[in-house]
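This briefing concerns the protein shown below.

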Amino acid sequence: MGLFSCWKKQKRQLNVYCWQVMDHIHYYLDFKKTNHQERIAFLEFAIKAVGLDIAGACISEFLHKDVDSMKLLGLFPILYSQRSVSKIKDFPTDGKTVVTLPYDWRKAIDAVMDIQREGFIKEENDTNGIYIPEFDMVLVVNGRHHLSAAAAFHKKAYVSVEVHPLKEVFSELKVSQDGENWVMGDKTYPILDERFAVLYLLAKEVNELKKDQIPG
């Protein structure tokens, strides 16, 4: 099943993928001769667009192949920083990009039936995850099947989240020049989905542009 083939690259091409995407985006912005605010707005649009592509790919992956249930935790290395984070109980997912990786078709069928019958009942759905403000994205760690069904049917849902702001790590977390690894200090972690590298580079650029807007 050839879903999302436009994002799939042979291994030998991965080393330039994220930088190619950034070059394309910068070309659009420079050709249009965008001003400061237009650049921010378009980069934020790109963050949302790439995030939605990730969300769609993850939610449907189990439909056409076996899924490693642990893969989600390695997609973005924000947890590796081990910094203190704030927590929000019953965080509404309305308008957020929700990335959840259902991995068991049996659980998915049960979850779909529950959501269609009752909607998402937060008292009965123990769901938690990670919220990354700069991506406006929730990575759902627990309760994935019910959350995926709720997202597919546009049902209002809630997640208990740990909030991991990227501003805490922008100065430390890098994308390697060969595009294959995350680099934090003297440690490296493989980039499992190059779209997250694109998201990170976009968010970092937005952060820099917004800092330039601050007087003084």
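The whole structure contains 12 salt bridges, each defined as a side-chain nitrogen of Lys or Arg within 4 Å of a carboxyl oxygen of Asp or Glu. The model is predicted: local features need pLDDT of at least 70, side-chain atom pairs count only at pLDDT 80 or more, and totals for chains, interfaces and linings use all residues. Residues are numbered from 1 along each chain as its sequence is written, and side-chain values use heavy atoms, with hydrogens and water left out.

**Salt bridges**

- Lys-210 pairs with Glu-44 in a salt bridge whose closest N and O atoms are 2.8 Å apart. Because Lys-210 belongs to helix α5 (residues 194-213) and Glu-44 to helix α2, this pair ties together parts that are 166 residues apart in sequence.
- Lys-210 is partly exposed at 38% relative accessible area, and Glu-44 is partly exposed at 35%; buried means under 20%, exposed over 50% and partly exposed in between (1.4 Å probe, protein chains only).
- Asp-114 and Arg-117 form a salt bridge, with the closest N and O atoms 2.8 Å apart. The two residues are three apart in helix α3 (residues 105-118), about one helical turn; Asp-114 is partly exposed at 23%, whereas Arg-117 is exposed at 56%.
- Lys-211 and Glu-208 meet in a salt bridge of 3.3 Å, N to O, and both lie in helix α5, three residues apart.
- A network of salt bridges links Lys-48, Lys-96 and Asp-136.

**Architecture**

- The protein has five helices and eight strands, which are DSSP runs numbered from the N terminus (helices H or I, at least four residues; strands E, at least two).
- From the N terminus on, the order of elements is α-α-β-β-α-β-β-α-β-β-β-β-α.
- Of the 216 residues, 42% count as buried.
- Among contacts (heavy atoms within 4.5 Å) between residues at least 6 apart in sequence, 77% join residues at least 24 apart.

**Helix α2**

- Helix α2 (residues 36-60) has 25 residues and reaches 37 Å from its first C-alpha to its last, close to the expected 36 Å; the expected span is 1.5 Å times one less than the number of residues.
- Asn-35 caps the N-terminal end of α2, with a side-chain oxygen 3.2 Å from the backbone nitrogen of Gln-37.

**A buried serine**

- Ser-148 is found in helix α4 (residues 144-152) and is buried, at 9% relative accessible area.
- Not counting residues up to four places away in sequence, Ser-148 touches Ile-59, Thr-100 and Pro-102.

Note on methods
A polar contact is a pair of N or O atoms within 3.5 Å; within protein, one must be able to donate a hydrogen and the other to accept it, and residues adjacent in sequence count only if both atoms are side-chain atoms.
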